[in-house]
Amino acid sequence: MSERPKILVVCGQNKRRSRTAEHIFKNDSRFDIRSVGLSPKSERQIRDLDIDWSDLIMVMEDDQGDRINKHYMHLDLPFVEVLHIPDEFGYLDKELMILLEDKINSILDIEFDI
């Protein structure tokens with residue numbers, strides 16, 4: 001891949017999990033990352049442009065992936081990977097950061113060999 005992959009990380013309200021992932025990886029030279037939420041109350045709500053921008057979407061829970069696949073089927077959706085991280089952590093929680101680092105790095109090794 002000539003360009004750096006673009007990763008869209010999604011959670012419910014873009015307050016804790018996805019924002020933590022973006023914070024961890026925002027300066028990673030291997031890929032670009034952006035975080036959004038599914039709720040209308042999200043600090044940054046997902047839009048068609050976010051999906052068009054991304055090469056891979058990572059969600060925290062199965063139902064979030066289902067919602068994206070259902071509501072955005074009119075777009076050319078990239079693969080949606082489920083991280084299986086429950087909504088029980090605070091923003092920048094140390095355990096959350098370890099989980100996100102492990103899971104995202106593992107997926108990137110497999111998907112993009114980076």
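The model is a predicted one: local features need pLDDT of at least 70, side-chain atom pairs count only at pLDDT 80 or more, and totals for chains, interfaces and linings use all residues. Residues are numbered from 1 along each chain as its sequence is written, and side-chain values use heavy atoms, with hydrogens and water left out.

The sheet comes first. Helices (H or I, at least four residues) and strands (E, at least two) are DSSP runs, numbered from the N terminus. Two strands count as paired if DSSP finds at least two bridges between them. On that basis, four strands make up an open, parallel sheet, ordered β2-β1-β3-β4. The edges belong to β2 (32-37) and β4 (79-82); each has a single partner strand, so one side of each is left without a neighbour in the sheet. From one strand to the next, the twist averages 25°. Axes here are lines fitted to C-alpha atoms, for helices over the stretch in contact, and angles run from 0 to 180 degrees between N-to-C directions.

As for the pairings themselves, β1 and β2 run parallel and are joined by six bridges, with Leu-8 opposite Arg-34 in β2. Strand β3 (residues 56-59) also runs parallel to β4, through four bridges, and there Val-59 faces Val-82 of β4. Helix α1 (residues 17-25) packs on this sheet, where it touches β1 (6-11) and β2, and its direction makes about 165° with that of β2. Contact means heavy atoms within 4.5 Å.

How enclosed is β1? Six of its six residues are buried, so the strand is largely enclosed by the rest of the structure. Buried is taken as under 20% relative accessible area, exposed as over 50%, and partly exposed as in between (1.4 Å probe, protein chains only). In a regular strand, side chains alternate between the two faces of the sheet. For β1 both faces are covered, with Lys-6, Leu-8 and Val-10 buried on one side and Ile-7, Val-9 and Cys-11 buried on the other.

Next, the helices. In α1, the buried residues are Arg-17, Ser-18, Thr-20, Ala-21, Ile-24 and Phe-25. They span an arc of only 160° around the axis, which puts them on the same side of α1. The arc is that of the directions from the helix axis to the C-beta atoms. Packed against these buried residues are β1, β2, α3 and α4.

In α3, Gln-64, Gly-65 and Ile-68 are buried. Viewed down the axis of α3, its buried residues fall within an arc of 100°, so they line one face of the helix. An α-helix has 3.6 residues a turn, so residues three or four places apart point the same way. Asp-66 and Lys-70 are exposed on the other side of α3. The cover over the buried residues of α3 includes β1, α1, α2 (48-53), β3 and β4.

Gln-64 itself belongs to α3 (residues 62-71) and has a relative accessibility of 4%. Setting aside neighbours within four places in sequence, Gln-64 is in contact with Val-10, Cys-11, Gly-12, Arg-17, Leu-38 and Val-59.

On to the rings. The structure has one aromatic pair. The ring centres of Phe-25 and Phe-31 are 5.4 Å apart and the planes sit at 50°, so the pair is tilted. For reference, rings of Phe, Tyr and Trp (its six-membered ring) pair if their centres lie within 6.5 Å; planes under 30 degrees apart count as stacked, over 60 as edge-to-face and the rest as tilted. Phe-25 is buried at 4% relative accessible area, and Phe-31 is buried too, at 1%.

Arg-19 is placed over the ring of Tyr-91, 4.5 Å from its centre, and Arg-34 over that of Trp-53, 4.0 Å from the centre. The criterion is NZ of Lys or CZ of Arg within 6 Å of the ring centre and within 35 degrees of the ring normal.

Finally, the backbone. Asn-14 is not a glycine, yet its phi is positive, at about 55°. Asn-14 sits in the loop between β1 and α1 and is buried, with 4% relative accessibility. Leu-92, likewise a residue other than glycine, has a positive phi near 65°. Leu-92 is found in the loop between β4 and α4 (94-111) and is partly exposed, at 32% relative accessibility.
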